[in-house]
Amino acid sequence: LSVDQDAAYASFYTGKSAMFYFSSSGLTGLEQAAPDFVQDDLGVFKNQPSELLVAAGSLAMMFAFFYIGTAYLTSYGTATLGLSRTTVLSLGLLAAAVFCAAIILSAIYSDRIGRRKLVLASCIVAIPGGLVLFPLLDTGSPLAFLAGLALALVIMGVSYGPAGALL
């Protein structure tokens, strides 16, 4: 494997890369090519603040919905709603299939409309989605639990599909 270092350096100059891995020899070359970027302790904060905020904000929302959907709602369904563990885990498997489809479809769709637009849309939908999640779950119905769990995982999946390419 080889790395086109000119392309790597160009990504720093054009602001297209918030993170980049260099071997020790690559870092030495970068220090010579872009000393202000490497020697500045606040490099990414100073040179790419908007990219950093987009990455941090979208990832915070994305993983919050993931852990609410996978870990917390499993406990909430059994302890608070009184659903059986078998029911909650079975509904979790169905929601995981919907989650997988949301990831695949959003990754494909992001090629058409743009990654940033799709991640931003999922972050916007997360606001009302989070507000309706627990009233929906509190009906106590297994179908409502499936809908709430799928809602949380679809919101997360829509941003997860294009996240790698965006960041």
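Axes here are lines fitted to C-alpha atoms, for helices over the stretch in contact, and angles run from 0 to 180 degrees between N-to-C directions. This is a predicted model, in which local features need pLDDT of at least 70 and side-chain atom pairs count only at pLDDT 80 or more, while totals for chains, interfaces and linings use all residues. Residues are numbered from 1 along each chain as its sequence is written, and side-chain values use heavy atoms, with hydrogens and water left out.

The protein chain has 8 helices and 0 strands; helices (H or I, at least four residues) and strands (E, at least two) are DSSP runs, numbered from the N terminus. Read from the N terminus, the order of elements is α-α-α-α-α-α-α-α. Of the 167 residues in the protein chain, 32% are buried, where buried means under 20% relative accessible area, exposed over 50%, and partly exposed in between (1.4 Å probe, protein chains only). Contact means heavy atoms within 4.5 Å. Among contacts in the protein chain with a separation of 6 or more, 70% come from residues 24 or more positions apart.

Take helix α5 (residues 49-80) and α7 as the opening pair. Their axes lie 10 Å apart and the packing angle is about 30°. That angle makes α5 roughly parallel to α7; angles under 35 degrees count as roughly parallel, over 145 as roughly antiparallel, 65 to 115 as roughly perpendicular and the rest as oblique. α5 and α7 cross in a left-handed sense. A crossing is left-handed if the near helix is turned anticlockwise from the far one by less than a right angle, and right-handed if clockwise. On the α5 side, the contact is made by V54, S58, M61, F65, I68, Y72, L73 and Y76, and on the α7 side by R116, V119, S122, C123, A126, G130, L133, F134 and L137. Sorted by class, the contact of α5 with α7 has 13 nonpolar, 3 polar and 1 charged residues. In this sorting Ala, Val, Leu, Ile, Met, Phe, Trp, Tyr, Cys and Pro count as nonpolar, Asp, Glu, Lys and Arg as charged, and the others, Gly among them, as polar.

Helix α7 (residues 115-137) also packs against helix α8 (residues 142-166), with axes that come within 9 Å and cross at roughly 165°. α7 and α8 are therefore roughly antiparallel to each other, and the crossing of α7 past α8 is left-handed. Residues of α7 in this contact include R115, L118, S122, V125, G129 and L136, and those of α8 include F145, G148, L151, I155, V158 and P162. The contact of α7 with α8 comprises 17 nonpolar, 4 polar and 2 charged residues.

Two residues show this packing at the level of single side chains. S122, in helix α7, is buried, with a relative accessible area of 4%. Apart from neighbours within four places in sequence, S122 contacts M61, I155, V158 and S159; M61 belongs to the α5 side of the contact between α5 and α7. L151, in helix α8, is partly exposed at a relative accessible area of 26%. Not counting residues up to four places away in sequence, L151 touches G129 and V132.

The next pair is α6 and α8. Their axes come within 7 Å and cross at roughly 30°, so α6 and α8 are roughly parallel to each other. α6 passes α8 in a right-handed crossing. The residues of the contact of α6 with α8 are 21 nonpolar, 6 polar and no charged.

S106 is a residue of helix α6 and counts as buried at 5% relative accessibility. Setting aside neighbours within four places in sequence, S106 is in contact with L118, G157, V158, G161 and P162. I104 is also placed in helix α6 (residues 85-113), but at 45% relative accessibility I104 counts as partly exposed. I104 and G157 are 53 residues apart along the chain, and their C-alpha atoms are separated by 8.4 Å.

What about the cysteines? The structure holds 0 disulfides, a disulfide being a pair of cysteine sulfur atoms within 2.5 Å. C100 is partly exposed, with a relative accessible area of 40%, and C123 is partly exposed, with a relative accessible area of 21%.
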